[in-house]
Amino acid sequence: MILFLSTTEPGGGLSKIALEALGLAKSLGGELVAGLIGDAAIAIPGIRTLAVTGEAFGQSRYSTDAAAAEALVKAVNPQIVIAPQTMRTARALPGVAQRVGAAIDTHVTTFDGQRASRWYYKQRMEGTLTRDARPWFVLVESGIAPAFEPGADAGAVEQVSVTPATRTAVIGFQSPQSEQQTIRPDAKMLFVTGAGWTKKQKDGNTHMNDAARLILGFLEQSRASLGSSKSLVDMGGEGQSVLPFLSHLNQVGQTGATPRHPKGLATCCHGEEPHVVGWRFIKERRAINLDANCGWARGKADVVYVADAFAVMEVVNKMLGG
Ligand SMILES: Cc1cc2nc3c(=O)[nH]c(=O)nc-3n(C[C@H](O)[C@H](O)[C@H](O)COP(=O)(O)OP(=O)(O)OC[C@H]3O[C@@H](n4cnc5c(N)ncnc54)[C@H](O)[C@@H]3O)c2cc1C
């Protein structure tokens with residue numbers, strides 16, 4: 001018995017990562033039941049769907065998410081629980097596992113029903129494990145399974161009643177406006193900026209304003225996700241005048257993130273090993289560098305354009321229509 005457990009989007013639908021987790025759960029075989037939590041829930045065609053719904057369950061809050069998930073697990077009594085790795089599940093499900101005597105593994109990247117694997121030590125080592133404990137909660141990362149495609153035929157949702165008991169009021173969200181949000185995990189492309197954007201160029205001057213205009217212009221038109229080398233974000237941390245939209249969260253590499261995008265383009269970045277290890281999941285890699293001997297040219301990129309990134313990105317942005 002497998003329980004697919006997820007929060008819903010406003011209105012009851014499922015996000016992309018939830019549909020991927022559902023796709024994985026379905027591929028395992030066995031009896032599958034869906035348990036949904038949200039302000040509303042839409043039945044998943046062909047799958048018995050239970051839900052805890054109501055205004056309180058549409059909000060991201062530990063107490064209500066955990067109470068709803070616990071009720072759904074107890075109603076289904078599954079051996080395996082598959083959930084997408086999201087902010088809400090990552091926060092609530094470890095506590096639920098404790099309440100129901102389950103084992104839990106998070107950030108799982110492959111799962112066949114018996115064995116789970118995940119990365120350790122900043123994604124440098126992959127471990128595969130099995131567990132005897134049941135239920136076993138498995139939170140799966142995005143991009144590891146084809147998304148389930150819900151058809152039109154929606155059955156009925158079986159409501160599971162939970163009385164929301166909480167002292168925590170959600171008063172709203174604070175987040176950057178979407179055009180300022182430069183880290184976009186679902187983007188088709190990673191655009192990496194390196195310290196070269198802040199260095200003196202052939203005229204002997206730095207060109208910070210041009211760099212910011214070209215980078216932001218490209219991000220706006222391509223909707224790429226913005227990554228950075230460590231050198232560039234460290235300059236910002238030291239209070240130097242650098243690109244204000246970069247923070248350590250953008251850093252890719254050994255001591256940074258290991259994002260997953262189909263394509264990547266590195267600009268003004270040398271391509272040193274501690275940076276490039278963060279590219280291990282980027283499938284197609286290109287780089288623009290003035291230096292034909294840069295790290296990218298030594299087998300780390302599929303294509304290296306030996307060129308001035310300022311000039312190239314100017315033309316690229318024009319081609320994109322800006
Ligand atoms: C323990 C450890 C952990 C580390 N972890 C990380 C990490 O997680 N992530 C990370 O990024 N680094 C990491 N580093 C640092 C890493 O080794 C490099 O120092 C860093 O990545 C270099 O950044 P960069 O390529 O942007 O800068 P630089 O090395 O200064 O390279 C700038 C590049 O820009 C090019 N350039 C300049 N102008 C132009 C132009 N107009 N057009 C095209 N190209 C141009 C230059 O040719 C040069 O290649 C780590 C180092 C250590 C020791």
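Modeller: Axes are lines fitted to C-alpha atoms, for helices over the stretch in contact, and angles run from 0 to 180 degrees between N-to-C directions. Helices (H or I, at least four residues) and strands (E, at least two) are DSSP runs, numbered from the N terminus. This is a predicted model, in which local features need pLDDT of at least 70 and side-chain atom pairs count only at pLDDT 80 or more, while totals for chains, interfaces and linings use all residues. Residues are numbered from 1 along each chain as its sequence is written.

Biologist: At what angle do helix 4 and helix 7 pack?

Modeller: Two packed helices are described by the angle between their axes and the distance between the axes. Here helix 4 (residues 208–222) and helix 7 (residues 309–319) pack at about 40 degrees, and their axes are 10 Å apart. Two residues are in contact if their C-beta atoms, placed from the backbone, lie within 7 Å. Helix 4 contributes Asp210, Leu214, Gly217, Phe218 and Gln221, and helix 7 contributes Phe310, Met313, Glu314, Val316 and Asn317. By class, this contact has five nonpolar, three polar and two charged residues; Ala, Val, Leu, Ile, Met, Phe, Trp, Tyr, Cys and Pro count as nonpolar, Asp, Glu, Lys and Arg as charged, and the others, Gly among them, as polar.

Biologist: How many helices and strands does the chain have?

Modeller: The chain has seven helices and 15 strands. Its C-alpha trace spans about 70 × 40 × 40 Å along the principal axes.

Biologist: Is Pro150 buried, partly exposed or exposed, and why?

Modeller: Pro150 is partly exposed because 17 other C-beta atoms lie within 10 Å. Pro150 belongs to the loop between strand 9 (136–140) and strand 10 (157–159). Not counting residues up to four places away in sequence, Pro150 touches Ile44 and Pro45.

Biologist: Which residue other than glycine has phi near 55 degrees?

Modeller: That residue is Asn77, whose phi is positive. Asn77 lies in the loop between helix 2 (62–76) and strand 4 (80–84), and is exposed because 11 other C-beta atoms lie within 10 Å. Arg223, not a glycine, has a positive phi of about 60 degrees. Arg223 is found in the loop between helix 4 and strand 12 (225–228).

Biologist: Which residues are joined by a cis peptide bond?

Modeller: Arg134 and Pro135 are joined in this way, with omega about 0 degrees. Pro135 lies in the loop between strand 8 (125–130) and strand 9.

Terms used:
A residue is buried if 20 or more other C-beta atoms lie within 10 Å of its own, exposed if 12 or fewer, and partly exposed in between; C-beta atoms are placed from the backbone.
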